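Good morning, and thank you for joining.

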Amino acid sequence: QVQLVESGGGLVQAGGSLRLSCAASGRTFSNFAMGWFRQAPGKEREFAAAISRSGGNTYYVDSLKGRFTISRDNAKNTVYLQMNRLKPEDTAVYYCAASLRSSLSYVYLREYDYDLWGQGTQVTVSS
């Protein structure tokens, strides 16, 4: 049974930083392309960032480019989301997700591309 467990969320002031972690267990982590999604209060869940199985390719929603960085450490079975210069509009529950699609280099942007989801971690940015 594969599990994804997020951590690192919390309350931070605008302009601050947080690093989210998502640890995977149960299967070979390098078999998964990974993504981060987020759901703000009263809104639908949306794509935030993705990284390929190899880690060589990444993709971000436009609003996060230059502020957020997704990375992975396959030896630690963990994907990270470094969030800098946080804004109140970044307040959301952040979910990591794993895709079993076979490509080593593709990144996946849609929820239906992902097979496994974590429980989410709350990020609150105060103004």
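Val12 lies in strand β2, which covers residues 10–13. Please bear in mind throughout that this is a predicted model. Is Val12 buried or exposed? With a relative accessible area of 12%, Val12 counts as buried, because the cut-off for that term is under 20%.

What surrounds Val12, once its neighbours within four places in sequence are set aside? Its contacts are Ser17, Leu18, Leu86, Thr124, Val125 and Ser126. Of these partners, I would draw your attention to Thr124. In sequence, Val12 and Thr124 are separated by 112 residues, yet their C-alpha atoms are 6.3 Å apart in space.

I turn now to Asp90, which sits in the loop between β8 (78–83) and β9. The relative accessible area of Asp90 is 1%, and this residue is therefore classed as buried.

Which side chains make polar contacts with the side chain of Asp90? One is that of Arg38, at 2.9 Å. Another is that of Arg67, at 2.7 Å. Again leaving out neighbours within four places in sequence, the residues in contact with Asp90 are Arg38, Leu64, Arg67, Phe68, Arg85, Val123 and Val125.

Asp90 and Arg38 both belong to the lining of the largest pocket. This pocket holds about 150 Å³ of space. Its lining also includes Gln39, Ala40, Pro41, Lys43, Glu44 and Glu46, together with Pro88, Glu89, Thr91 and Ala92.

As a reminder, a disulfide joins the sulfur atoms of two cysteines by a covalent bond. The structure has one such link, formed by Cys22 and Cys96, with 1.9 Å between their sulfur atoms. The pair ties together distant parts of the chain, 74 residues apart: Cys22 belongs to strand β3 (residues 18–25), and Cys96 to strand β9 (residues 92–99). Both Cys22 and Cys96 are buried. The link between them is right-handed, with 45° about the S-S bond.

Thank you for your attention.

Terms used: Residues are numbered from 1 along each chain as its sequence is written. This is a predicted model: local features need pLDDT of at least 70, side-chain atom pairs count only at pLDDT 80 or more; totals for chains, interfaces and linings use all residues. Side-chain values use heavy atoms; hydrogens and water are left out. A disulfide is a pair of cysteine sulfur atoms within 2.5 Å. Helices (H or I, at least four residues) and strands (E, at least two) are DSSP runs, numbered from the N terminus. Buried means under 20% relative accessible area, exposed over 50%, partly exposed in between (1.4 Å probe, protein chains only). A polar contact is a pair of N or O atoms within 3.5 Å; within protein, one must be able to donate a hydrogen and the other to accept it, and residues adjacent in sequence count only if both atoms are side-chain atoms. Contact means heavy atoms within 4.5 Å. On a 1 Å grid over the protein atoms alone, a cavity is a set of points where a 1.4 Å probe fits but cannot get out, and a pocket is an open set with protein on both sides within 12 Å along at least five of seven lines; lining residues have an atom within 4 Å of a point. Grid points are joined across faces, edges and corners, and a volume is the space filled by probe spheres set on the points.
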